[in-house]
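Welcome, and please open your viewer. We will go from one selection to the next, with a short note on what is there at each stop.

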Amino acid sequence: MALDPEEFVTLTDHGSMKLRAAVSRAMTLLPKERKRTTIVREGEPAILNFDQIKNLAAQWDERLVPID
């Protein structure tokens, strides 16, 4: 999945921002909140769940992936 990190998206409960910022913020949330986080975007896929967000974080910056 090749997504533009500069695309404007909505991070649920956190507002609109660029995709890279949304992924970064999602990865810093507390584990309970992180698991129910989604990113809503205009393109396909329209909704990114936490597993997809985690995969993007790993692709873009290994430091954003939480240690489970």
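Predicted model: local features only at pLDDT ≥ 70, side-chain atom pairs only at ≥ 80, totals over all residues.

Start by selecting Thr-37, which sits in the loop between helix 2 and strand 3. Residues are numbered from 1 along each chain as its sequence is written, and side-chain values use heavy atoms, leaving out hydrogens and water.

Is Thr-37 buried or exposed? With a relative accessible area of 4%, Thr-37 is buried; buried means under 20%, exposed over 50%, and partly exposed in between, using a 1.4 Å probe and protein chains only. A polar atom of the Thr-37 side chain lies 2.9 Å from the backbone oxygen of Glu-33. Such a polar contact is a pair of N or O atoms within 3.5 Å; within protein, one must be able to donate a hydrogen and the other to accept it, and residues adjacent in sequence count only if both atoms are side-chain atoms. Show the surroundings too: not counting residues up to four places away in sequence, Thr-37 touches Leu-11, Thr-12, Ala-26, Leu-29, Leu-48, Asn-49, Phe-50 and Ile-53, where contact means heavy atoms within 4.5 Å.

Next, select Arg-34 in helix 2. Arg-34 counts as buried at 10% relative accessibility, and its side chain reaches the backbone oxygen of Leu-29 at 2.8 Å.

Now zoom out. The protein chain has three helices and four strands, which run β-β-α-α-β-β-α from the N terminus on. Of its 68 residues, 34% count as buried.

Move on to helix 3, residues 50–60, and pick out Phe-50, Ile-53, Leu-56 and Ala-57, which are buried. Looking down the axis of helix 3, you will find its buried residues within an arc of 120°, so they line one face of the helix; the arc is that of the directions from the helix axis to the C-beta atoms. Their cover includes helix 1 (19–28), helix 2 (31–35), strand 3 (39–40) and strand 4 (47–48).

Leu-19 counts as buried, at 0% relative accessibility. Leaving aside neighbours within four places in sequence, its contacts include Pro-5, Ile-39, Leu-56 and Trp-60. The C-alpha atoms of Leu-19 and Pro-5 are separated by 4.9 Å, though the two are 14 residues apart along the chain.

Finally, visit two backbone details. Most residues other than glycine have a negative phi, and most peptide bonds are trans. Asp-13, in the loop between strand 1 (8–11) and strand 2 (15–18), has a positive phi of about 65° although it is not a glycine. Asp-13 is exposed, with a relative accessible area of 74%. Then select Pro-45, in the loop between strand 3 and strand 4: the peptide bond from Glu-44 to Pro-45 is cis, with omega near -5°.

Key
Helix = DSSP H or I, 4+ residues; strand = E, 2+ residues; numbered from the N terminus.
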